[in-house]
Structure formats: C-alpha cells, structure tokens
Amino acid sequence: MKAAITTQSGPPAVIQIQEKPQPTVKKGWVVIRVKAFGLNRSELFTRQGHSPGVTFPIVQGIECVGEIEEDLSGVYAKGQKVAACMGGMGRNFDGGYAEFVCVPAEIVIPFVSELPWHILGAIPEMFQTVSGSLHEALEVKAGETLLIRGGSSSIGMLACQLAKYLGVAVIATTRNADKQKTLLDNGADHVLVDEGAIHELVKQRYPSGVDSVLELVGITTLKDSLACIKPKGTVCMTGILGGSWTMNEFTPMGDIPSLGRLTVYMGEASNLGKEQLQEFIDAVAKGAIVLSIDKTFRLDQIVEAHQYMESNQATGKLVVVL
C-alpha cells in the first residue's frame, strides 16, 4: 500500500510517500480502508518533534474515515463505513496517512451516510473536539454568550456553527482582518481582530463579561481570555494555535478572576458516541450544519498540505482524500 511516512522530525519535506506492507489484522483491532482524513495542528507539532514518546519513522494521522477491510471479531462487516480517531493513532502506532490502517476496535465508530468522503473526512476529530469542549467542558446553554478565541481555525468555525445551532451568542476572533466577513458569514454575531489583548473590547459589548471562552490560541492569550469572563464564567483551553506549550508566569490568585473557572479539554474517541456522531452527520446532510472545508488534497500532496497548514492561511478544515 501507499503511505505518507514521516521519516524524521523536521519541515514538511520529511514526509515521504512510500510503499509498505498492508497492515495485518489482530485480535481486538480492525483494518480500515482509508477514504479520507482531516489534517490537525497536533500532527504539525508531532512532525516538528514536539510530541513526547513519538519515534520516527511513523505514519502520522490521528483520524480517518473509511470502510472496514477486516475484523476478526465479526462485529463489523467488510465495507461498513466507520470513523476512527485518537487512541494513539499516528503517535503510538501508524495512523491514517495511508491507504489502510489497523486500529483498536474501541476507537472505531460506525455510521451510515451518503455524504461524499471529503466532507466525512472533515468530521471525526473536529466534531469530537468541538462537541466535548462545548458540552462537557463549557456546558454551554441557549441564551449564553461564547467567545471563540481563534475563530477562523477549523475547530473555531465548527464551534461557532454548533453554538449557534444550540442558541448561543458568539463572538469570534481572528488575527487576520481579511477573515472578518468569513466569520460573520459562518454565523458569528460579532468578530474581533485579535492583536493579543481583547478583553476591553469584549467588556465594551458585554460589561459583565461573557459566559464562556473557548481558548484555541493557547497560553499566549490565556490570561487575556480569563479577563473576558463574567463571575462564574469558564475558560476552556482546547487548542495551542499560538504554538507555545508552557507559560513562564501564571498567578492563579491574580490571573483567574474571582469566581472564574479554568479547565482544559483533551478528549478521546470515548468522548464521541455512535449516536452523537450519527446525529451530527445527519445534521450536516440536512444542511443544518455547514462545515467549513478550506481545501482538499490527495495523499501524494501531503507535503503541500502540511506546508499550507503551517502557513496559517486556512480558514476551515483541510482534508486529504484517497
């Protein structure tokens, strides 16, 4: 089979298309014929050598959609459409950047859909992250206000769609003024150009602060995001678009406002149930949710895809179709 193998840590060019044996199924695992997969920022960081415990060479890819090729247990018939994400994919074992992948059955989720593969490929990890962040971490409710820090990312775009679907008012941020109309067209009620400090602008619109902040930029803006919430408001750090993993100085009694709440979301496939995924796919099929897919690539364009992801040009999800 063809696989995109990250030969060592480094720039996008370290990923090479090579031939390697098709994976062999084993007990408790299934082999999936990959039809599409989304690209994720975490894969960029892994490729750069920042993911602890990852050894090279490796086939990256923390998610995929496709069809069951082989399942020794007989739970899934050959050809059953499935999604798989997380659970060590592309880090502890070879992931979805290949024509076939062997994954633990516990991270496989079946679904039924006639949507094209490039749309289905955008869904698993993005929906798992957004749904977990909004429902489990932030517990957003209709009538509340949500600030999405990093609104033009694929996660930010979908979070806005899902929040509006739930009846939540959304403020989305972008560092690129040219993306303001895109965010408004995506459903955001307000868009702020983020130059690093926006809490005063937020307080101009909502003097007492917002109910929730989905922090996708990361620690570089975390303190400012905490200054945006109302008493008993919550900030959930889900992303690290800013590229930094650790904070040099953090004073909880000063940086977290009184009665403010700070949490993180680092979900796994177990946070995404079969019914949740099917309901979301059906909502996409009906047009109730419109996915923002910036660009689609082929497997042999994976280096170009990583270059594009690293350039921060994208507004929405990047998908590779096989």
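Contact means heavy atoms within 4.5 Å. The model is predicted: local features need pLDDT of at least 70 and side-chain atom pairs count only at pLDDT 80 or more, while totals for chains, interfaces and linings use all residues. Residues are numbered from 1 along each chain as its sequence is written, and side-chain values use heavy atoms, with hydrogens and water left out.

**Exercise 1.** Identify the residues that touch the most other members of the largest nonpolar core.

*Solution.* 
Step 1. A nonpolar core is a set of buried Ala, Val, Leu, Ile, Met, Phe, Trp, Tyr and Cys residues joined through side-chain atoms within 4.5 Å; buried means under 20% relative accessible area, by a 1.4 Å probe on protein chains only.
Step 2. The largest such core holds 59 residues, and Ile32, Phe37, Leu39 and Val103 touch the most other members.
Step 3. Strand β3 (residues 29-38) gives the most to this core, namely five residues; strands are DSSP runs of E with at least two residues, and helices are runs of H or I with at least four, numbered from the N terminus.
Step 4. Apart from residues up to four places away in sequence, Ile32 touches residues including Cys64, Ile68, Val82, Phe100 and Val108.
Step 5. A second, separate core has 47 residues, among them Ala122, Leu134, Ala172 and Phe280.

**Exercise 2.** Determine whether Ser51 is buried or exposed, and locate its side-chain polar contact.

*Solution.* 
Step 1. Ser51 is found in the loop between α1 (41-48) and β4 (58-59).
Step 2. Its relative accessible area is 12%, so Ser51 is buried.
Step 3. The side chains of Ser51 and Thr46 are joined by a polar contact of 2.5 Å (a pair of N or O atoms within 3.5 Å; within protein, one must be able to donate a hydrogen and the other to accept it, and residues adjacent in sequence count only if both atoms are side-chain atoms).
Step 4. Beyond its neighbours within four places in sequence, Ser51 is in contact with Ser42, Phe45 and Thr46.

**Exercise 3.** State how the lining residues of the largest pocket divide by type.

*Solution.* 
Step 1. The lining of the largest pocket comprises 48 residues, with Arg41, Ser42, Thr238, Gly239 and Ile240 nearest its centre. On a 1 Å grid over the protein atoms alone, a pocket is an open set of points with protein on both sides within 12 Å along at least five of seven lines, and lining residues have an atom within 4 Å of a point.
Step 2. The lining divides into 20 nonpolar, 20 polar and eight charged residues; Ala, Val, Leu, Ile, Met, Phe, Trp, Tyr, Cys and Pro count as nonpolar, Asp, Glu, Lys and Arg as charged, and the others as polar.

How values were computed: Buried < 20%, exposed > 50% of the residue type's maximum accessible area, 1.4 Å probe, protein only. 1 Å grid on protein atoms, 1.4 Å probe; cavity = no way out; pocket = protein on both sides within 12 Å on 5 of 7 lines; lining within 4 Å.
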